[in-house]
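I opened this model to look up its sheet first.

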Amino acid sequence: MGEELSPEAILFNDRLNPRAVLHRMGFGDEAISEEGETLRLFCPIHKDQVRRSLILEKHRNRFVCQYKSCPAHSGGLLVELLALYWNVPVAEAIRQYTEESHPERQLVAQADRLIAESKLTEAAALLQEALRLAPRDEITRCKLAALYLEMGQRDRGFKEYLTAAEDFACKNQVDKTLSIYNILVMLSPQDLRVRRQMAYLFSRLGRHKEAAEHLKWVIDQLMERGEIEEAIKDSREVLQLCPNEPDVHMLLARLLSQTHRINEAVGEALQAAELALERGDRTTVETAVTFGLIYNPLHERLRELQALLHDSPLAAEPSTGESMAGEDEFGEWLESLQEEVEGGKVSGIRRQSPSPAAGTSTIRQEQWLLYCRNTLAKLDNEKLESMGRQLRAMFEDVEASFKAGTLSEWELNILKDFYASFCLAYDQVRKSKL
Ligand SMILES: [Zn+2]
């Protein structure tokens, strides 16, 4: 690392307990993986969403990130990691670590009072200052993001939510992250970075079908830009995390065929077919087999599978019930959602205090509706359907996040209002395209 360390700093480093330092940085035990003499984290410096690339040597109190382009790749002492993470010089990091003063907490408490009085602009200024003092406080950052949303500053809200989501994910608090990513998707359905991270997150959570769904968005975007190699790389990353998802193998097969890697493409198609066969998903088996045979008509196993499809009808394929099946079903669900939002019920708990900007909420909701309709109108039918499939799960994630204590009640109410506007807009756009 760049800075010359003082003997005091080196001595301070020697006395540190690495796990205690990580806890102080906000990493719970769920974020830390212990392997012999080392501790491993999803690197918070380059915000790794896939691997535990940051390695701490317990007995030397040294760190290094395995990712070459990361500022932490050159490694150093634990105290330097602390400084890097807090974005302050080493001496200042030591001071903050020892003093344990938290001037930002008072600012946040003051901001909460202002929010209750609907003084949003003043509250935002205090939260900004609190974040300058403690930039790694995700809960405060989410609060500021919700405030921006409420104030109609969507771009700023988006930026703060994205930062908070990435930091939460590095701490392996994946469930808390999802509700934020859902908002990011609603704000900007085509954002490559958000979709990519969601694909990684869902694969980390073992929700492979959803991972594949988000990966499709990533790949479409990359294809539009002609970045096929990049798309292949993303597919492989996701496959490392969920190797048994036939849809992802099929995506990769198509990408590989476009770059004329025919053998590899057929191999992926075959894997997709076998995995889909295990699940009794006939449509995917058929798609994969047909695709494979186009490139290698004599492939023995693929022909076997083709014959199998011919002779014995596979078990009925998984019903499409999980997608938005009936017209009426979605309408009914939307109605109950609106009732819930307007009735102010929060997962069965009555809303304690009025929404901060209660007086302007009608105008705000109309603005949101308009904004969401414009965003959704830009999507083609396939993408619109994909959004529809995600909507209900998204809502459950928002509620789960509230129950986990990540969101305050007024934040939840803002998110629910925004969510309801989004769903309403979705319904209108969908009907206009029928
Ligand atoms: Zn790193």
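Entry 1, a bridge pair. I started at Ser-33, whose bridge partner in E2 is Arg-40. I note that the model is predicted: local features need pLDDT of at least 70, side-chain atom pairs count only at pLDDT 80 or more, and totals for chains, interfaces and linings use all residues. Residues are numbered from 1 along each chain as its sequence is written. Helices (H or I, at least four residues) and strands (E, at least two) are DSSP runs, numbered from the N terminus.

Entry 2, the strand pair. I looked up how E1 and E2 run. E1 and strand E2, residues 38-41, pair in the antiparallel sense over 3 bridges. I count two strands as paired if DSSP finds at least two bridges between them.

In what order do the 5 strands stand? I read E1-E2-E3-E4-E5, an open sheet with antiparallel pairing. Strand E1 (33-35) and strand E5 (76-77) stand at the edges; each has a single partner strand, so one side of each is left without a neighbour in the sheet. I keep in mind that strands of a sheet pair through backbone hydrogen bonds, either parallel or antiparallel.

Entry 4, around E4. Strand E3 (residues 54-57) pairs with E4 in the antiparallel sense over 4 bridges. I found Leu-54 opposite Cys-65 in E4. The hairpin of E3 and E4 has 4 residues between the strands, and in it Asn-61 takes a positive phi near 50 degrees. E4 also pairs with E5, antiparallel, over 2 bridges. There Arg-62 stands opposite Leu-77 in E5.

Which residues of strand E4 (residues 62-65) lie on the covered face? I find Phe-63 and Cys-65 there, while Arg-62 and Val-64 make up the uncovered face. In a regular strand the side chains alternate between the two faces of the sheet.

I moved to helix H18, residues 361-377, where Leu-370 has its place. Is Leu-370 buried or exposed? Leu-370 is exposed, because 12 other C-beta atoms lie within 10 Å. The cut-offs are 20 or more other C-beta atoms within 10 Å for buried, 12 or fewer for exposed, and partly exposed in between, with C-beta atoms placed from the backbone. Phe-422 is 52 residues from Leu-370 in sequence, yet the C-alpha to C-alpha distance is 9.3 Å.

Entry 7, totals. I logged 20 helices and 7 strands in the protein. Buried residues make up 38% of its 434 residues.
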